[in-house]
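Student: Please take a close look at the aromatic pairs in this structure. Treat the pairs one at a time and keep the account connected.

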Amino acid sequence: ITNQLHNASSWWIRYLTIRPPASFHVRGNRPTLRMWTDAAGFSRILAAIIVVETVEGQKWFWTRMTMPSVIWDQLLDRHDDQIGFQEFLAVVMGYQTFGVHDALLLSFIDNDGVLKAIIKGSARHHEVNLGIGRMWLDMATQSIALFAARVESKANVADGPSREDLSFIERVNAIFVPPMLPSWAWNLWKWPM
């Protein structure tokens, strides 16, 4: 049995152990959350913004972090500031930090490669590929119906916080939430999950 087949089998065993529901109903009491994420390559800053509709109106929350060295040091050398992995990890940081569960999550992403990889469920780069498998397991265990969509960089409200510009955050009175990552992000190569 090859390593790839072993890893794929391990993923399916984990998925079937979770036993997520076969279908999600997007109507009803499930909140619809809108989230924007971004990463700034060289500085390694990840940012996420989410808006929640309440009876009082919209409430905005934001988070930001510099990618921890312990994660950065696990990445394979690509000579491209690992922008694909950083953009992907910003999405993960967003749903983890904001405690998203039992919701329809509209995730706005300005990186075409990451958007396509999330929708497809796999990526060319090994680290992103491993992360996407784990992200979809998170979606199943947290009962998140994810809809990922493209946003132009100039329209991405998370672009500012990833580049030290907090003008939008201040305008909407967004509340800062300390960033969090799932445990699997700290040891990407650990297998089985």
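Tutor: What follows goes through the aromatic pairs and then the strands and helix beside them.

This is a predicted model, in which local features need pLDDT of at least 70 and side-chain atom pairs count only at pLDDT 80 or more, while totals for chains, interfaces and linings use all residues. Residues are numbered from 1 along each chain as its sequence is written, and side-chain values use heavy atoms, with hydrogens and water left out.

Rings of Phe, Tyr and Trp (its six-membered ring) pair if their centres lie within 6.5 Å; planes under 30 degrees apart count as stacked, over 60 as edge-to-face and the rest as tilted. By this rule there are five aromatic pairs. One of them is Trp 36 with Phe 108: the ring centres are 5.3 Å apart and the planes are at 25 degrees, so the pair is stacked. Trp 36 belongs to strand β1 (residues 32-40) and Phe 108 to strand β4, 72 residues apart, and the pair thus links distant parts of the chain. Strands (E, at least two residues) and helices (H or I, at least four) are DSSP runs, numbered from the N terminus. Trp 36 has a relative accessible area of 9% and is buried; buried means under 20%, exposed over 50% and partly exposed in between, with a 1.4 Å probe and protein chains only.

Another pair is formed by Trp 62 and Phe 176, with centres 5.0 Å apart and planes at 65 degrees, so this pair is edge-to-face. Trp 62 lies in strand β3 (residues 57-66) and Phe 176 in strand β6 (residues 175-176), so parts 114 residues apart in sequence are tied together. Trp 62 is buried at 8% relative accessibility, whereas Phe 176, at 41%, is partly exposed.

Ring pairs also link Trp 36, Trp 60, Phe 108 and Phe 168 into a cluster.

Strand β4 (residues 103-109), which carries Phe 108, runs parallel to β5 and is joined to β5 by seven bridges; two strands pair if DSSP finds at least two bridges between them. Ile 109 has Arg 150 in β5 as its bridge partner. Five of the seven residues of β5 (residues 144-150) are buried, so this strand is largely enclosed by the rest of the structure.

Helix α5 (residues 126-141) has β5 among the elements that cover its buried residues, along with α1 (3-18), α3 (83-97) and α4 (112-120); contact means heavy atoms within 4.5 Å. Twelve of the 16 residues of α5 are buried, including Leu 130, Ile 132 and Met 135. Just after α5, Ser 143 has a positive phi of about 55 degrees.
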